[in-house]
Amino acid sequence: MAENPLAVVENKPRLGWQLVSKESNASQIAYLILVASSEEKLNNDDGDIWNTGRVNTDKNLHIVYNGKPLKSETKYFWKVKVWNQSGKVSKWSKNASFRTAPLESDLNPTWIGAITKADSHLPEGRNYHTATFNREKRIRLSMLPILWREEVSCFVNLSKLKKQSKKPLFIFQV
């Protein structure tokens, strides 16, 4: 239920769209979805991952993906067009995307451990954990799997990261 999600855990994600029309009482009678491995392919109407063909239904929510198996940590692009009650076909929707999460077996997690309250220089009553690592390349998007009991905030070089997910697999953009 997210727009352009960054960490889809399901191997059969559900797609959906909102019908927008200038006509009153407009309704959908069919749709066609394309899912592509690149935005370029999608722009060329090449649904190399999934092409539903015309599906006669008024359903526009929770459309279960049924294309080629999705790879972990991969970004996919999709769009939809619909037919209205008069049989008129719409233009393609704007391109949308979703990124699949890494497989749990690929994460190779390590326990960070808590720092002492004295070393943290932070208020009492919370648990703080820290890890240090060096990265030669600039990090633009990172996935940080966290198991937590309370609220979670993450900082890189003293800059708070923006949380992009509400699930245990947190996605942060720097």
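The model is predicted, and local features are reported where pLDDT is at least 70, side-chain atom pairs count only at pLDDT 80 or more, and totals for chains, interfaces and linings use all residues. Residues are numbered from 1 along each chain as its sequence is written, and side-chain values use heavy atoms, with hydrogens and water left out. The protein contains three helices and twelve strands, these being DSSP runs (H or I of at least four residues for helices, E of at least two for strands) numbered from the N terminus.

**Overall build**

- Of the 174 residues, 29% count as buried, where buried means under 20% relative accessible area, exposed means over 50%, and partly exposed lies in between (1.4 Å probe, protein chains only).
- Among contacts (heavy atoms within 4.5 Å) with a separation of 6 or more, 60% are between residues 24 or more positions apart.
- The protein exposes about 13,200 Å², and carbon and sulfur atoms supply 49% of that area; accessible areas come from the Shrake-Rupley method with a 1.4 Å probe, and for residues only the protein chains shown count as cover.

**Nonpolar cores**

- A nonpolar core is here a set of buried Ala, Val, Leu, Ile, Met, Phe, Trp, Tyr and Cys residues joined through side-chain atoms within 4.5 Å, and the largest one has 17 residues, of which W17, I33, V35, W78 and F98 have the most contacts inside it.
- Leaving out residues up to four places away in sequence, V35 touches L15, G47, D48, I49, W50, Y65, Y76, F77, W78 and F98.
- A second, separate core has seven residues, including A30, L34, A36 and F77.

- S97 lies in strand β7, which spans residues 96-99, and S97 counts as buried because its relative accessibility is 11%.
- Apart from neighbours within four places in sequence, S97 is in contact with N4, P5, K75, Y76, F77 and W78.
- T52 sits in the loop between β3 (50-51) and β4 (55-56), and T52 is buried because its relative accessible area is 18%.
- The side chain of T52 reaches the backbone nitrogen of I33 at 2.9 Å, and, apart from neighbours within four places in sequence, T52 is in contact with Y31, L32 and I33.

**Salt bridges**

- The structure holds two salt bridges, each defined as a side-chain nitrogen of Lys or Arg within 4 Å of a carboxyl oxygen of Asp or Glu.
- In one of them, the side chains of K41 and D48 meet at 3.3 Å, N to O; K41 is partly exposed, with a relative accessible area of 33%, whereas D48 counts as buried at 17% relative accessibility.
- A salt bridge also joins the side chains of K79 and D45, at 2.6 Å from N to O, and this pair links distant parts of the chain, with K79 in strand β6 and D45 in the loop between α1 (39-43) and β3, 34 residues apart.
- K79 counts as buried because its relative accessibility is 5%, while D45 counts as partly exposed because its relative accessibility is 42%.

Notes:
Polar contact = N/O pair within 3.5 Å; in protein donor to acceptor, adjacent residues only side chain to side chain.
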